[in-house]
Amino acid sequence: MEVANAGNIAEIPLFRLEDCIGGASFYIGEMKGNEDVCEEMGIPHRHNGYSIDILVSGTIRQSIDFKQYEVTAPAVMLMEPDQVHQHEMAEDAELINIYFSNDFLVPEMQGVVSCWRCVFNSGVIPLNEEQMDELMSYARLIKKEYESDRLRKDAVIRNLLNAFVIACGRIAEPPTGWLNAESSQYNMARQFKVLVDQHFHQKAQVSDYAEMLFVTPGHLNDTVKSLLGRNAKHVIDEKRIMEAKRLLYWGEHSVKQIAARLNFEDDAYFNRFFKKHTGVTPATFQRTTREKYN
């Protein structure tokens with residue numbers, strides 16, 4: 001599997017979907033715990049796209065952004081781009097892997113599930129037999145289409161993938177009402193989340209994103225909070241804090257370098273910001289986290 005590095009994720013291995021499977025933007029396959037590739041999955045890494053793992057049988061130890069899960073089949077695991085994670089699969093574990101790029105679900109399809117990214121906040125979802133049967137029915141159809149040479153197969157896969165993601169959202173029963181929200185609210189939440197993912201290094205104020213979305217900061221805050229359960233500023237700060245944590249733990253960056261990378265005025269301000277949101281200084285977090293996970 002090809003590994004690449006980008007400017008904002010130096011020293012953290014990045015697996016690019018398009019490098020691994022000849023430029024494709026979608027992949028579905030199977031993995032067993034006794035395969036050699038599982039050793040690569042045991043190294044902390046990121047993906048540049050979205051990933052869904054269906055645990056069909058066995059057990060897996062999953063670490064996602066400082067949260068550790070002991071997962072037993074049946075279950076489904078969802079991850080957003082850039083989440084640092086690693087898998088430790090038992091030999092009896094069997095997974096169905098689904099990966100797709102940011103732009104695979106094209107805009108006209110995103111309108112069907114405008115805030116489909118919200119589902120990926122669910123992380124690990126345990127399944128009962130009925131729920132597993134439902135998700136596996138979609139997965140089998142997707143895999144059959146993927147392996148075919150039929151015309152317009154990407155369009156069919158997109159439709160099936162949208163249905164799969166909606167099913168995951170219904171199973172996860174998120175505390176927010178995004179599944180029932182009006183389409184205009186969907187669209188704003190989706191666009192806001194995309195913009196934060198793209199610009200959080202440079203833009204830290206709600207007003208920055210409100211301007212890009214042609215709405216007032218107050219309206220953006222209210223809409224995001226009604227759908228995601230937290231206001232827009234919290235979402236921005238949460239993204240910046242998580243990236244700082246990743247770089248502190250996985251990389252060999254100084255506090256000063258991370259402060260500059262995240263566009264803080266100076267490392268003193270970054271220290272205050274980090275401690276306000278986590279309760280500890282960056283240096284303390286780095287030391288205690290490495291002691292805990294190493």
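Colleague: Is arginine 152 buried or exposed?

Modeller: Exposed: arginine 152 has a relative accessible area of 67%. Bear in mind that this is a predicted model.

Colleague: Where is arginine 152 found?

Modeller: In the loop between helix H4 (129-146) and helix H5 (153-172).

Colleague: And what is phi of arginine 152 near?

Modeller: Near 60°. That is a positive value in a residue other than glycine.

Colleague: What about phi of phenylalanine 214?

Modeller: Phi of phenylalanine 214 is near 60°, again positive in a non-glycine residue. Phenylalanine 214 sits in the loop between H7 and H8.

Colleague: Why does phenylalanine 214 count as exposed?

Modeller: Because its relative accessible area is 76%, and exposed means over 50%.

Colleague: Switching to the inside. How many residues has the largest nonpolar core?

Modeller: It has 31 residues. Those with the most contacts inside it are Phe192, Tyr209, Leu220 and Phe270.

Colleague: Which elements give two or more residues to this core?

Modeller: Helices H6 (183-199), H7 (206-213), H8 (217-228), H9 (232-250), H10 (255-261) and H11 (267-278). H9 gives the most, with 8 residues.

Colleague: What does phenylalanine 192 touch?

Modeller: Setting aside residues up to four places away in sequence, phenylalanine 192 touches Tyr209, Leu213, Leu220, Val224, Ala232, Val235 and Ile236.

Colleague: And what lies apart from that core?

Modeller: Another core, of 29 residues. Ile54, Ile157, Leu160 and Cys168 are among them.

Colleague: On to strands. What is the order in the open sheet of 3 strands?

Modeller: E7-E6-E9, with antiparallel pairing. Strand E7 (67-72) and strand E9 (85-89) are the edge strands, and each pairs on one side only.

Colleague: How are neighbouring strands of this sheet turned against each other?

Modeller: By 15° on average, direction ignored.

Colleague: How many bridges join strand E6 to E7?

Modeller: 6 bridges join E6 (residues 59-64) to E7, and the two run antiparallel. One partner pair: serine 63 is bridged to glutamine 68 in E7.

Colleague: Last topic. Is the peptide bond from alanine 73 to proline 74 cis or trans?

Modeller: Cis, with omega near 0°.

Colleague: Where does proline 74 lie?

Modeller: Proline 74 is in the loop between E7 and strand E8 (75-79).

How values were computed. Residues numbered from 1 in each chain as written. Predicted model: local features only at pLDDT ≥ 70, side-chain atom pairs only at ≥ 80, totals over all residues. Heavy atoms only, no water. Core = buried A, V, L, I, M, F, W, Y, C linked by side-chain atoms within 4.5 Å. Buried < 20%, exposed > 50% of the residue type's maximum accessible area, 1.4 Å probe, protein only. Helix = DSSP H or I, 4+ residues; strand = E, 2+ residues; numbered from the N terminus. Contact = heavy atoms within 4.5 Å. Pairing = 2+ DSSP bridges. Axes fitted to C-alpha atoms, helices over the stretch in contact; angles between N-to-C directions.
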